[in-house]
Amino acid sequence: MEDYNDLVKQRIEKLEKIKDMGIDPFPHRSQRTHHIAELLEKKDYFIESKDTVYIVGRITSQRRQGKIGFTTVQDMSGKIQAFIRQDKIGEDHYELYKLLDLGDFLQVRGQAVYTQTGEYSILADEIVLLSKNIRPLPTVKEKEIDGKLVRYDEFSDIELRYRKRYLDLLLNPIQRQTFEQRAKIITFIRRFLDERGFLEVETPILQPLYGGANARPFTTHHNTLGVDLYLRIATELYLKRLIIGGFERVYEIGKNFRNEGMDRTHNPEFTAIELYQAYTDLNGMIEITEKIIKGIAETVYQTMSIQYDKYTLDLEKPFRIASMMSLVNEYTGQDFSDFDIQKLRYFCKEKEINIDEHAGTGKIIAEIFDNFVEPNLIQPTFVIDYPIEISPFAKNHPDNPNIVERFELFICGKEFANAFTELNSPIEQRKRLDAQAKAKELGDQEANVVDEDFIEALEYGMPPMGGLGIGIDRLIMLFTNNVTIKEVIFFPQMKT
């Protein structure tokens with residue numbers, strides 16, 4: 001095998017030869033009349049019409065035999081063979097053709113024909129080099145193992161794929177399909193909400209205070225203002241300000257940033273949607289969430305049964321609704337309905353669940369839920385009635401002072417959505433945020449801070465409403481059957 005640097009050197013030498021021929025190897029403009037897929041779909045028409053067509057794309061394979069050559073050109077829609085003959089394009093252009101490499105971008109003008117071997121091709125009467133490739137593309141290799149084709153080229157390395165996503169997309173067409181599906185899912189969500197009178201808005205990413213979720217922020221500094229700012233951890237508090245300002249239905253799809261751990265379902269930079277609707281409550285959010293997920297399945301995938309990892313999910317029937325406490329009691333075999341903190345702590349000690357010494361009943365119940373219940377929630381389940389301690393922006397349950405009207409949607413043991421009947425009492429909101437501030441003083445780095453401007457806004461009056469957040473990346477994971485979040489983010493965070 002030739003040394004990689006020698007191959008680069010050879011291509012640079014070819015580049016100089018092309019320049020010496022008076023040809024710009026990186027021209028400003030190109031011409032295309034058809035995408036390749038259209039030529040493939042209407043073969044009979046283009047054969048009979050003998051229309052002149054222009055195609056553009058990257059060279060993915062080629063072979064030459066004397067004064068003729070066969071080159072595969074690929075654009076985003078498909079690939080087709082270009083039939084190159086010296087007597088058709090002329091000697092000068094054929095000399096250029098001999099200097100082309102895999103990975104070069106080419107424009108071909110010609111007519112659709114069948115070659116002597118029956119290959120549908122574009123017989124070129126002109127070629128134009130659009131961009132010269134300097135660095136050779138990795139070679140995709142496969143071999144058959146137990147009747148299956150298995151890739152074994154260097155670019156099968158997962159970490160390399162994430163670090164050099166541009167090559168991953170180029171060499172692994174299935175990856176492009178994942179991101180095309182991502183775009184279709186987001187388009188569906190936008191259309192769903194727009195048709196129901198929601199207004200798409202944008203709120204600040206750089207914020208003087210962070211809030212709206214239990215998470216640690218990223219901190220930066222604005223030199224001109226001389227102040228520290230935070231990358232937002234959620235859009236909630238600014239969207240609520242818009243409801244206070246008179247809008248009744250708003251949503252935002254955007255990036256959030258959380259300075260915390262990374263694993264298969266967490267990336268420090270992630271995409272989420274939050275929406276808020278006045279004059280509704282948690283039940284309204286349950287309805288919207290279920291309709292969005294079922295709508296994606298039906299509209300984008302034309303099926304109500306999807307496969308995720310080892311599970312087959314039935315999206316046809318109504319999603320299950322169950323309270324957090326009933327699920328904890330069910331999966332632990334214990335009854336914690338009295339919120340007895342000593343009983344909860346004893347159980348955690350016995351089961352070796354680490355609990356902070358300052359944690360209250362709500363946090364302990366949530367920890368037990370995470371350990372004993374969450375992994376078992378495979379089919380879509382709305383878990384409702386959360387402890388007030390871990391839900392500072394949700395309205396109290398009218399029949400139980402220990403819980404709030406909140407749900408999280410779990411599928412395949414993972415959380416996909418979070419919603420509240422939103423707390424709109426400024427008095428109660430201050431009380432909750434003060435409690436969060438005390439928790440932060442005691443070492444809870446993920447506790448919320450007191451946002452005085454938000455509380456002031458609440459004092460002007462906020463209507464009763466429901467609010468919902470959905471993790472877009474996890475939703476894409478679900479529908480594209482990817483078990484790691486890095487597969488559905490174009491450029492995931494990687495350790496340097």
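Hi everyone, thanks for coming. Before anything else, please keep in mind that this is a predicted model.

Let's start with the barrel. Five strands form a closed barrel in the order 1-2-3-5-4, and the pairing in it is mixed. On average, neighbouring strands of this sheet are turned by 50 degrees against each other, direction ignored. As a quick reminder, strands of a sheet pair through backbone hydrogen bonds, either parallel or antiparallel.

Then move to Val 113, which has Ser 121 as its bridge partner in strand 5. These two strands make a hairpin with five residues between the strands, and there Gly 118 takes a positive phi near 85 degrees.

On the other hand there is strand 1, residues 53-65, which runs antiparallel to strand 4 and is joined to it by six bridges. A handy landmark here is Val 53, with Gly 110 as its bridge partner in strand 4.

Strand 11 covers residues 227-231, and its antiparallel pairing with strand 9 has two bridges. In that pairing, Leu 206 stands opposite Leu 231 of strand 11. His 222 has Val 227 in strand 11 as its bridge partner. Strand 10 and strand 11 also form a hairpin, with four residues between them, and Gly 226 in the turn has a positive phi of about 70 degrees.

While we're in this region, a word on aromatics. The model has 15 aromatic pairs. One of them is Tyr 210 with Tyr 230: the ring centres are 5.1 Å apart and the planes are at 65 degrees, so the pair is edge-to-face. Tyr 210 lies in the loop between strand 9 and strand 10 and Tyr 230 in strand 11, 20 residues apart, so to speak a link between distant parts of the chain.

On to the helices. My opening example is helix 8, residues 173-194, with helix 10, residues 282-300. Their axes come within 10 Å and cross at roughly 130 degrees, and the two helices are therefore oblique to each other. The crossing is right-handed. From helix 8, the contact includes Phe 188, Ile 189 and Phe 192, and from helix 10 it includes Ile 288, Ile 292 and Ile 296. By class, this contact has eight nonpolar, two polar and three charged residues.

Next come helix 11, residues 324-332, and helix 13, residues 361-372, whose axes come within 10 Å and cross at roughly 55 degrees. This pair is therefore oblique too, and the crossing is left-handed. Met 324, Met 325, Leu 327, Val 328, Tyr 331 and Thr 332 in helix 11 meet Ile 365, Ile 368, Phe 369 and Phe 372 in helix 13. What does that come to by class? The contact has nine nonpolar residues, one polar and no charged.

My last pair is helix 9, residues 236-244, with helix 15, residues 452-459. Their axes come within 10 Å and cross at roughly 25 degrees. Helix 9 and helix 15 are therefore roughly parallel to each other, and their crossing is left-handed. Here Leu 237, Lys 240, Arg 241 and Ile 244 of helix 9 meet Asp 453, Phe 454, Ala 457 and Leu 458 of helix 15. That contact divides into five nonpolar, no polar and three charged residues.

That's my tour, and I'm happy to take questions.

Key: Residues are numbered from 1 along each chain as its sequence is written. This is a predicted model: local features need pLDDT of at least 70, side-chain atom pairs count only at pLDDT 80 or more; totals for chains, interfaces and linings use all residues. Side-chain values use heavy atoms; hydrogens and water are left out. Axes are lines fitted to C-alpha atoms, for helices over the stretch in contact, and angles run from 0 to 180 degrees between N-to-C directions. Angles under 35 degrees count as roughly parallel, over 145 as roughly antiparallel, 65 to 115 as roughly perpendicular and the rest as oblique. A crossing is left-handed if the near helix is turned anticlockwise from the far one by less than a right angle, and right-handed if clockwise. Contact means heavy atoms within 4.5 Å. Ala, Val, Leu, Ile, Met, Phe, Trp, Tyr, Cys and Pro count as nonpolar, Asp, Glu, Lys and Arg as charged, and the others, Gly among them, as polar. Two strands pair if DSSP finds at least two bridges between them. Rings of Phe, Tyr and Trp (its six-membered ring) pair if their centres lie within 6.5 Å; planes under 30 degrees apart count as stacked, over 60 as edge-to-face and the rest as tilted.
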